[in-house]
Amino acid sequence: MIPDRQPRAFLDPQALARLAAVPLVARKPMVGGVSGRHASPHRGSSVEFAEYRKYVPGDDLRRLDWRAFGRSDRFYVKEYEADTNLRLCLVLDTSGSMGFGGAAQPAAGVRGAGTRADGAAGMRRIDYARRICGTLGYLAAAQGDAVGISCAADGLVRSLPPRRSPAHLRLVFDVLDEAVPTGETRLPEVLHELAETIRQRALVVIVSDLFVEPAALESAFGHLRFRRHDVAVFHLLDPQEMAFAFHRPTRFLDMEGSAAIFADPVEIADRYRRALDDYLAGLRRLVLESGIDYHRVLTSEPVEQVLARFLVGRAAARGLR
Amino acid sequence: MTFLQPWMLVALPLVSLPIVIHLINQRRFQTVPWAAMRFLLSARALSRGYSRLRHWLVMALRMLAVAAVVFAVGRPLSRGWLALAAGGRPDTALVILDRSPSMAERDGAASDTKLATGRRQVAEALVTLGATRTLLLVDPDRGPVEVADPGALESLPAAGASAAPADMPRLLEAAHDYLRSSGAGTTEIWICSDQRSNDWAIDAPAWGGIRDAFARLPQPVRFQLVAFEAAAAANVAVRVNAAVLEGRGDERRLSITVALARDAAAGPVTVPVTIEIGGASSTVDVPLSEREAVLANHAIPLGAATEPRGWGRVSIPADANAADNDFFFVFDEAPPRRTLVVAEEAAAARSLALAAEIPPERGLAATATIVAPGALETSGLEDAALVLWQAPLPDGSDRAALEAHVARGGQVILLPPSRPEETSDRTFAGVGWTAWREHDPPVAPVTWRTDRDLLANTRSGAALPVGGLVARRTCGLAGDVVTLAGLPGGHPLLARAATSEVEGAAGAGPVRPVSNVAFLTTTAAPKDSTLAAEGVVLYCLLQRAIERGLLPLSNVRLVEAGGEAAAILRAGATPRRLSPPVAGAVTEPGWTAGVYALGDRLVAVNRPQAEDAATLVDDARIDEAFAGLALTRIEGQAGGTGRLVQEIWRGFLVAVILALVGEGLLCLPSPPRPQTAAGGPRAFEAAA
């Protein structure tokens, strides 16, 4: 791996070192351009036996299974799995709501928010997303996979197609650095667009707060799966959003628009939590039905822990080689 | 609602304090950028209706609590359920008590009378109100008397029960006169009454003047009418219509006519009527099936040993009203019904003498003597009840004798002389004759007074056949007269001198402005009228005049309680009460029922007959009488234990507590929901 001379705030070298022990694998066969460590739908020259096939003239005689000929007096050719590389498409939500959290939010009045030993509590959601995207991109590039990134807000703000070169990874990091949370969320439309533009199978990792209509999300996820992409979602939620423990009359300003709501939090807290519960329950049902690799994350959780859970889960499902 | 410390109400704007605090709090809000707006919008939409209602309720309860504190500090007074008149502590409280017998009604044997209840409740109210001056008005002639201690109103002798009716118009006039002359400040007039028709005389024309007079007073005057409703219990009143001594010697007996009356017709009952004379009593059962029953001419043998003059009492068992269960009567040998007829011609006066000398009842002696003008002084005028004068108006010694006769209560009826123009310069009682007036065709009376005086209806309510009379010739009158019977054109047939010249005993003041001098403008001669031919009217007229003339001659007298009776008893020697005193009644003679000895004379004082009629004045009529004045009606009930006015600050403190408790309940946070994903990070982690 070519070292990045520019320091990136969203990369933690020690965490990267620890996470590198677990490979990033796709849950579905990938169609790559070069040999890699991911399963391919095509037969190849790996050591993983795939199947027997009848010999046809022109086949390489070295791949004839002479033992099978001895037993059956017929010519069979042994075929092996092909290993290929992975296209990792990072989709970063850069809408205004991703700027929530951190020093911008009043810490007073918020009770029950989780705290981290490393002081990461109250991290902005966009920063948390940068860490996830940066770390995954680095790990993918380190194992020879192509990495690309798309920023989604009120449309497809920026997009870099997956490339395997280290220079491209630096561009990806630059995009992460430059991402500014602004505008409304039109994530479903962006996902539909990406589903059409990513021509080959890829691992699509979406990092967002998913504050959109679940029905629209369901349609977008279905579209991606129809295109045979492996879809993983990191759903980022802030502890304050979960607890909603304000005590004074508060004017809530919409981070994705100019709307403002004046309310007494004590009065509406119960119904707010009920609405949030309903939303989360609906989302859970949606991802279960569509087979999405869904990870609900509180921004107070350590990023490394979240990613370790993600990587180990995938590796366990595939079986480490 | 009134307040003892109304100036504390200046703090009422503090009621807006919760609103001000709320507005200040609204301005102290924090602004938070928020991402999960969709849930906020959803939550706010869900809670908007209830939240707003709860908000308003909390605000209202807080304001209510502050208002209740302010009211409590202002020491509010409750005046029954209906009192809403605003005002503070009055300068003067004037209590008009209806002490009439109907106010002795009870609502059950154990309860207080209406009067006692009203006295107590008004006394409590006055103590609570703390007026600077308290006055009691029960007698319009004497005016209000100051009460040093309002709390002692119950025990004041003047506030006791009376057998006299309450003349409410005159009482109010007396109150007005006092207020106008005394210059009292803010005044509350407390009227405690059961709204009986005879006490209120609501049809009297005086009400208009009373209303206007009070409206013109410079000081604010509020009326508080404590109106007692009729008691539910049945009540029977007893009365003696006649007690006549008949026979002589061992045959002497008292013929007594007793009348029973009850408030409303109910089932037939038998009322035991006890007649007590000289310590001996007998009981007669009188069936009462309708509203009234009469025990007529019940004979009680007296015997020769008993004094011819005496008194007795008729009583019935206790019922709702004890004040009408007794009736006192007196009896004596009737004085001779002596009439002097002074006539120019003896023949012309014959029909008059004939009508006067026929006694109305068996056993009575009646004589009529015809004398010539000028012989009056020597004809025994001192024991004559009536003088019929058909001659030129008296002059000289006749005039002096006749005036003396009128002054001692004797009756005089003057008829026109044959040639009145010859003595047209003479007057008697301020009235003189003018000239004869022929009526062709003859005329009949078109109006006559049926409620009182010589042509009044009979006791049974039947009218005298005055309209059947025909006058062919009448003589004109000059002077101020009150017409008792009028002919077409307004000419009087029978009239009384309008101003009485009758005076009581020296120093006793006027007895009552009743004239004893009447003028009949025609004669009984057939050429003048049909008075003799239609003899009933003439007979009744003369007999009634004789009855009135007998009163000062008789040694016994039956009078109605009130100012007239008090004046009669004050006029002579010191009255001595013969009947036992009535508990709780006024002690002044003449105002309570009983029998008094006034020298040799016996006077029985009883309630007037109108008190037995339980007719009430409608509230609407009273409201009409007080139109334009501040009148508050407070419903009272005999034996009621409630207070008319009481401090109710405790109630307001309770309201404060209730408001604060309600506010606290509304502000309680919702019960914790089962922890779910949105319940916090830990629950979230578990769910994830």
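Predicted model: local features only at pLDDT ≥ 70, side-chain atom pairs only at ≥ 80, totals over all residues.

Reply: Residues are numbered from 1 along each chain as its sequence is written, while chains are lettered from A and ligands numbered from 1 in the order in which they are written.

Me: In what order do the six strands of the open sheet in chain A lie?

Reply: Strands are DSSP runs of E with at least two residues, helices are runs of H or I with at least four, and both are numbered from the N terminus. Two strands pair if DSSP finds at least two bridges between them. The pairing in this sheet of chain A is mixed, and the order is 5-4-3-6-7-10.

Me: Which are the edge strands of that sheet in chain A?

Reply: An edge strand here pairs on one side only. The twist averages 15° from one strand to the next, with axes taken as lines fitted to C-alpha atoms (for helices over the stretch in contact) and angles running from 0 to 180 degrees between N-to-C directions. The edges are strand 5 (156-163) and strand 10 of chain A.

Me: How many residues of strand 10 of chain A are buried?

Reply: A residue is buried if 20 or more other C-beta atoms, placed from the backbone, lie within 10 Å of its own, exposed if 12 or fewer, and partly exposed in between. Strand 10 (residues 293-298) of chain A pairs with strand 7 (residues 230-237) of chain A in the parallel sense over six bridges, and A:Ala232 stands opposite A:Asp293. Strand 10 of chain A is largely enclosed by the rest of the structure, because its buried residues number five of the six.

Me: Which residue of strand 4 of chain A stands opposite A:Val91?

Reply: Strand 3 (residues 87-93) and strand 4 (residues 146-152) of chain A run parallel, joined by seven bridges. The residue opposite A:Val91 is A:Ser150.

Me: Beyond neighbours within four places in sequence, which residues is A:Leu136 in contact with?

Reply: Contact means C-beta atoms, placed from the backbone, within 7 Å. Neighbours within four places in sequence are left aside. The partners of A:Leu136 are then A:Leu24, A:Leu88, A:Leu90, A:Val205 and A:Leu307.

Me: Within what arc do the buried residues of helix 6 of chain A fall?

Reply: The buried residues of helix 6 (residues 214-226) of chain A are A:Leu217, A:Ala220, A:Phe221 and A:Leu224. They line one face of the helix, because seen down its axis (by directions from the axis to the C-beta atoms) they fall within an arc of 100°.

Me: Which residues on the other side of helix 6 of chain A are exposed?

Reply: The buried residues of helix 6 of chain A have cover that includes helix 5 (187-197) and helix 8 (265-290) of chain A. On the other side, the exposed residues are A:Ala215 and A:Phe226.

Me: How are the two faces of strand 7 of chain B, covered or open?

Reply: Seven of the seven residues of strand 7 (residues 187-193) of chain B are buried, so the strand is largely enclosed by the rest of the structure. B:Thr187, B:Ile189, B:Ile191 and B:Ser193 lie on one side, with B:Glu188, B:Trp190 and B:Cys192 on the other. Both faces are covered.

Me: Which residue of strand 8 of chain B does B:Thr187 stand opposite?

Reply: Strand 7 of chain B pairs in the parallel sense with strand 4 (residues 92-97) of chain B over six bridges. Its pairing with strand 8 (residues 221-228) of chain B is also parallel, over seven bridges. There, B:Thr187 stands opposite B:Val221.

Me: What angle does helix 10 of chain B make with strand 26 of chain B?

Reply: Four strands of chain B form an open sheet of mixed pairing, in the order 26-29-28-27. Strand 26 (556-560) and strand 27 (576-577) of chain B each have a single partner strand, so one side of each is left without a neighbour in the sheet. Helix 10 (residues 563-571) of chain B packs on the sheet, touching strands 26, 28 and 29 of chain B, and its direction makes with that of strand 26 an angle of about 145°.

Note on methods: Contact = placed C-beta atoms within 7 Å.
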